[in-house]
Amino acid sequence: MKILRSPMKTLRGKILISLFLLIILPVVIILYRFYTSSENIVQIQLNQSNQAAVSQKANAMNDMAVRMITASSLIINDPETEKFLKEPADWSTNYNSFIKLTSLQKKMSNVKDLLLDNTTQLGLYDNRGYTNTTWSAVTAVDVQTFHQESWYQPTLERNGSPIWTVPYRIPNSSNAQDLIAMTRQINGEYTSNYGFFLISVPIPVFFYPSAELHKQQEAGVTTLLVDQNQNLLIGDQSAAALLASHALTNMHTNANGIQEVTINDHIYFVNDATVPQLGWRLIQFMNQKDFATQLSREKDKSITWVVAWFLLFAVAFILLMLRVTSPFKQLAKSMTKVGKGEFNTLVTIKGEDEIAMLGNNFNRMVLHLQDLISDLYDEQRRKQKAQFQALQAQINPHFLLNTLNSIKWMALLSGADHISEMITKLGKLLNFTMRNEQEFVTLQEELDYLQVYLSLQEIRYHDQITFTYSIPEHLLDCEVLKFTLQPAVENSIIHGNRFPLLIDLKAEEKNGHLTIVMQDNGVGMSMEMIQQVESSLNQPHAKFSGIGIRNVNERIKLHYGMQYGMQISSVQGEGVRLELVLPLKRRTTDVENIDRR
């Protein structure tokens, strides 16, 4: 019996459920709310939005007031400030007094930068007859001018507590804008009234910018700031009219929870918030008629939102469809890569639907192919090793050595010393092949074998071959594959076509690898010939016989990886340069040394 699958586990079910959840259901809900919602709901939402804006502004004003009080406390409560005000004002002649003056100025500047902003001004009014401010240099003034300031007497009475003056203008200042000023009396530990400290901020910064107030007026909103006694602090003439006849005392809350008040037969909606630090109150009045106009705008917005939601849901549905179908595209790309021979490509599987099942089957197929390739690679390596071992076992080494030894003594008895010497060296070559069953030898051992081989070739070619080498001593114990150098030398002898033939061998450690370079002075090769040889070297499964340079290159890549191997370069008429790159591995265990007798 077939088990029914969950709709979320099938592609068709996902599309149908997504269509219902993302388009049909949201559209139905929006239309229902739009046509059944009353005007009261929109009124409440708009009033809540206005109230949130008023509360946010009141919090910003309160934060500014707190920062102004904190900044003033950092100055007037600093013992260094008291010392500066107690000592004579002789900073023009006394260096220590000058240092204290500059320290105070720097401190006022730092406090302004850290707690306030560049529109804020700080001033210290010294009872010794000086003003030290951030808007002008140190200025000598008549102390009596302080007494004429509107803030002087209230500040004196508060004895160090903040006094706020709104609006305020700095006397004799080039900037004639209205400010909100906070003043505090500076008292010492044992002495009162060393002077006064003032911080002022432009009203548009503390309250609302002129452009914002203009927008509010266009929307029928009147904003004002009043103190604890309902006295107008900031606001235009229309705001003052709204405060007449104690209008705020007649404010009440209607059935929708909105504060409203009737002034001159006009109904106003009211939003207000308190500035806790100052005890002031930020109030906004909105005429009900203007509110109706704004409500109409909100309805238009609602219609716009309906259209926008339809578009949004359509886009979301398209994106979802693309997301659902993207695994097909990924699967197709992966199949293309596998078709090109990239068998390490797998697809990412998510979920349990039909696409996931297809991806799982594809991944299993690719993994199976990887196993087959791995098995084929291992088999190829075994064949290569068997081929190498078969080459060594083509003749019976013991039988051949015994026969050569007999021939050697016969040659000695007959007086043919040169024949005896050749047979002795040939025996050493065979002995090297027999005694080293391992496939890896040290570079020193390979070099010894090569020198024995070359000594035979020198006899054959009547000393027309000269071999030189330069190998650092610390590289002689590095491991190399057996029969790595001899095929390259043999290649130079056979194809060099020039006598006397010079062969030079060098080895060095380069980029963490062992690099062996062999250069001869033969006739060289043309570019076409070099390309043919390189193509033959780079054929991973090329057929070959014997221990030639292609065989050497193939064995290196099989044992160490494709990043190692052989490179051939040549200039015609100037010989052939062969470079071997091998991993730098040193012999770590004792092995039997080659008989070098």
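Q: What makes residues of helix H17 count as buried, and which are they?
A: In this predicted model, the buried residues of H17 are Ile 549, Asn 551, Val 552, Asn 553, Glu 554, Arg 555, Ile 556, Lys 557, Leu 558 and Tyr 560. They are called buried because that term means under 20% relative accessible area, with exposed set at over 50% and partly exposed in between (1.4 Å probe, protein chains only). Ten of the twelve residues of H17 are buried, and the helix is therefore mostly covered.

Q: Why is the span of H17 called close to the expected one?
A: The expected span is 1.5 Å times one less than the number of residues. H17 (residues 549-560) has twelve residues, for which 16 Å is expected, and its first and last C-alpha atoms are 16 Å apart. Helices are DSSP runs (H or I, at least four residues), numbered from the N terminus. Just after H17, Gly 561 takes a positive phi of about 125°.

Q: Why is Gln 486 called buried?
A: Gln 486 has 9% relative accessibility, so it counts as buried. Gln 486 lies in helix H15 (residues 486-496). Neighbours within four places in sequence aside, Gln 486 is in contact (heavy atoms within 4.5 Å) with Glu 446, Tyr 449, Leu 450 and Tyr 453.

Q: Why is Glu 218 called exposed?
A: Glu 218 has a relative accessible area of 58%, and it is therefore exposed. Glu 218 belongs to helix H8 (residues 210-218).

Q: What makes a set of residues a nonpolar core, and which residues have the most contacts inside the largest one?
A: A nonpolar core is a set of buried Ala, Val, Leu, Ile, Met, Phe, Trp, Tyr and Cys residues joined through side-chain atoms within 4.5 Å. The largest has 41 residues, and Trp 164, Phe 197, Phe 206, Leu 225 and Trp 280 have the most contacts inside it. Helix H2 (residues 39-76) gives the most to this core, with ten residues. A second, separate core of 40 residues includes Leu 443, Leu 450, Met 525 and Ile 530.

Definitions and conventions: Residues are numbered from 1 along each chain as its sequence is written. This is a predicted model: local features need pLDDT of at least 70, side-chain atom pairs count only at pLDDT 80 or more; totals for chains, interfaces and linings use all residues. Side-chain values use heavy atoms; hydrogens and water are left out. Helices (H or I, at least four residues) and strands (E, at least two) are DSSP runs, numbered from the N terminus.
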